[in-house]
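Please open the model in your viewer and keep the selection tool at hand.

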Amino acid sequence: MTELERTSLGAVPVFYAEGPPPFIGSLMFRVGRADEQAPATGLTHLVEHLALPITGRPALDFNGSVDNILTSFWAAGDSDLVLPFLADTASRLGSLPLERLDTERGILLAE
């Protein structure tokens, strides 16, 4: 079994382990559906959609999800692609592309 390591980037804890390819990276936050009040149901899922890019990236598999207590984003592929993808995703969380709001709302209603 691979040994899990822990470090930090500033105040953000980072966990990692060596493993076979592909390289897999994830951002995980302790916020989910349980944190939403009834009038804002689905808001976390909408933010998750807005934070992900519209188009895929070659040689990179990625997605996001929201459950009761966690929101996560992950990507798998070459580390030279995964790490910038996760950095871009984190950046979009700080400045959501609100021009996509109506489109993403429609997608969520269809889901």
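For the count of lining residues below, Ala, Val, Leu, Ile, Met, Phe, Trp, Tyr, Cys and Pro are taken as nonpolar, Asp, Glu, Lys and Arg as charged, and the others, Gly among them, as polar. Bear in mind throughout that this model is predicted.

Begin with the largest pocket, which holds about 880 Å³ of space. Select Val14, Phe15, Ile24, Gly25 and Ser26, which, of the 22 residues lining this pocket, are the closest to its centre. By residue class, the lining of the largest pocket divides into 18 nonpolar residues, three polar ones and one charged one.

Next, colour strand 2 (12–16), strand 3 (23–29) and helix 2 (79–94), each of which supplies at least two residues of that lining. Which of the elements gives the largest share of the lining? Strand 3 does, with seven residues.

Now move to helix 2, whose 16 residues reach 23 Å from the first C-alpha to the last, close to the 22 Å expected at 1.5 Å a residue. Show the side chains of Val82, Phe85, Leu86, Thr89 and Arg92, which are buried in helix 2. Looking down the axis of helix 2, you will find that its buried residues fall within an arc of 120°, so they line one face of the helix. Turn to the other side of helix 2, and you will come to Asp80 and Gly94, which are exposed.

Key. Residues numbered from 1 in each chain as written. Predicted model: local features only at pLDDT ≥ 70, side-chain atom pairs only at ≥ 80, totals over all residues. Heavy atoms only, no water. 1 Å grid on protein atoms, 1.4 Å probe; cavity = no way out; pocket = protein on both sides within 12 Å on 5 of 7 lines; lining within 4 Å. Points joined across faces, edges and corners; volume = space filled by probe spheres on them. Helix = DSSP H or I, 4+ residues; strand = E, 2+ residues; numbered from the N terminus. Expected span 1.5 Å × (residues − 1). Buried < 20%, exposed > 50% of the residue type's maximum accessible area, 1.4 Å probe, protein only. Arc of directions from axis to C-beta.
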